[in-house]
Amino acid sequence: MATDELIRSFREALESLDRLRADEVFSQVLASRTPIEAVEQVVVPALEQIGTAWQDGSVALSQVYMSGRFCEELVERVLPPSDPDRKHQPRSAIVVLNDYHRLGERIVYSVMRASGFELFDYGRMEVDELVERALADRLRVLLISALILPSALKVKEVCARLKASGAGIKVAVGGAPFLFDDQLWREVGADAMGHSAADAVGIVRGWMEAMR
Ligand code: B12
């Protein structure tokens with residue numbers, strides 16, 4: 001089945017809250033893709049379409065919520081285990097700033113770990129707690145996931161305070177508001193923006209080279 005058709009079937013199963021059908025379609029997706037490809041090529045676009053449908057009023061928030069929950073379970077089940085040959089540099093962490101969308105952060109975290117990076121998982125934090133913790137942990141790299149615009153705008157304060165501390169922490173951001181507006185990451189003072197979990201790995205690898 002073509003990717004577009006798989007996305008459509010998966011999305012339909014999610015919207016009708018048909019967990020078995022969603023599982024079935026996802027197994028079909030996995031038959032010809034790695035777990036990460038399956039997530040990036042089918043799960044993420046299906047959820048994005050559901051988000052857009054919610055915005056134009058054709059699906060209810062409960063459908064969005066249940067779709068998110070189903071996908072969290074699926075993703076948790078298939079993401080690869082950590083690579084034992086971990087790269088310990090630079091000290092890194094990932095966080096969801098201020099909002100309750102955690103799926104993207106979990107995917108980026110798993111993919112980073114599966115690619116050999118060790119990083120703190122801060123979960124969900126507010127600005128003050130995040131800045132304090134990042135400095136206390138002597139981070140060199142901070143990955144921030146923000147899915148609603150108010151959270152994305154708060155990245156500005158985080159970046160300003162980290163820069164003012166002189167700790168030299170690099171900040172990469174990702175999530176819907178940064179996908180909707182491709183200049184937003186610069187406006188909030190981040191050092192990089194990624195469209196996907198694979199981008200996160202590429203960004204940190206690039207910085208590692210530069211920090212050597
Ligand atoms: C599922 C979902 C929910 C679920 C979340 C469940 C959960 N446990 O996560 C629930 C129902 C709870 C929810 C609630 C709300 N939501 Co919502 N939600 C979504 C939806 C449909 C999908 C998000 C998702 O999980 N995507 C799948 C993941 C894997 O993708 P991702 O997060 O984008 O991550 C990928 C990349 O962006 C990237 N990435 C992510 N982070 C990072 C970080 C770095 C450093 C890098 C490099 C890459 C990277 O890699 C990931 C893997 O590919 C989006 C639609 C969309 N277009 O995103 C709306 C969306 C994010 N929600 C939105 C809104 C408005 C809300 C609510 C305010 C609705 C309401 N009125 O109550 C609440 C807010 C709750 C809160 N305070 O946080 C809006 C935000 C709009 C905006 N500009 O602010 C969106 C965009 C929908 C829309 N089109 O309007 N939501």
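## Terms and model

Helices (H or I, at least four residues) and strands (E, at least two) are DSSP runs, numbered from the N terminus. This is a predicted model, in which local features need pLDDT of at least 70, side-chain atom pairs count only at pLDDT 80 or more, and totals for chains, interfaces and linings use all residues. Residues are numbered from 1 along each chain as its sequence is written, and side-chain values use heavy atoms, with hydrogens and water left out.

## The shell around the ligand

The ligand is surrounded by 37 residues (a residue is near if one of its heavy atoms lies within 4 Å). Glu40, Glu72, Tyr100, His101 and Leu149 are the closest.

Helices H3 (35-55), H4 (61-78), H5 (103-114), H8 (176-180) and H10 (197-211) each supply at least two shell residues, as do strands E3 (141-145) and E4 (170-174). H3 gives the largest share, seven residues. Domain 1 (3-78) and domain 2 (92-211) both contribute to the shell, so the ligand lies between them. The domain bounds come from an automatic or database domain assignment.

## The cobalt atom

His101 sits in the loop between strand E1 (92-97) and H5. Its NE2 is the only protein donor of the ligand's cobalt atom, at 2.2 Å. Donors are N, O and S atoms within 2.8 Å of the metal (3.2 Å for Na, K and Ca); water is not among the atoms, so sites may look incomplete.

A polar side-chain atom of Gln55 lies 3.2 Å from a ligand nitrogen atom. A polar backbone atom of Leu149 is 2.7 Å from a ligand oxygen atom.

Methods. Polar contact = N/O pair within 3.5 Å; in protein donor to acceptor, adjacent residues only side chain to side chain.
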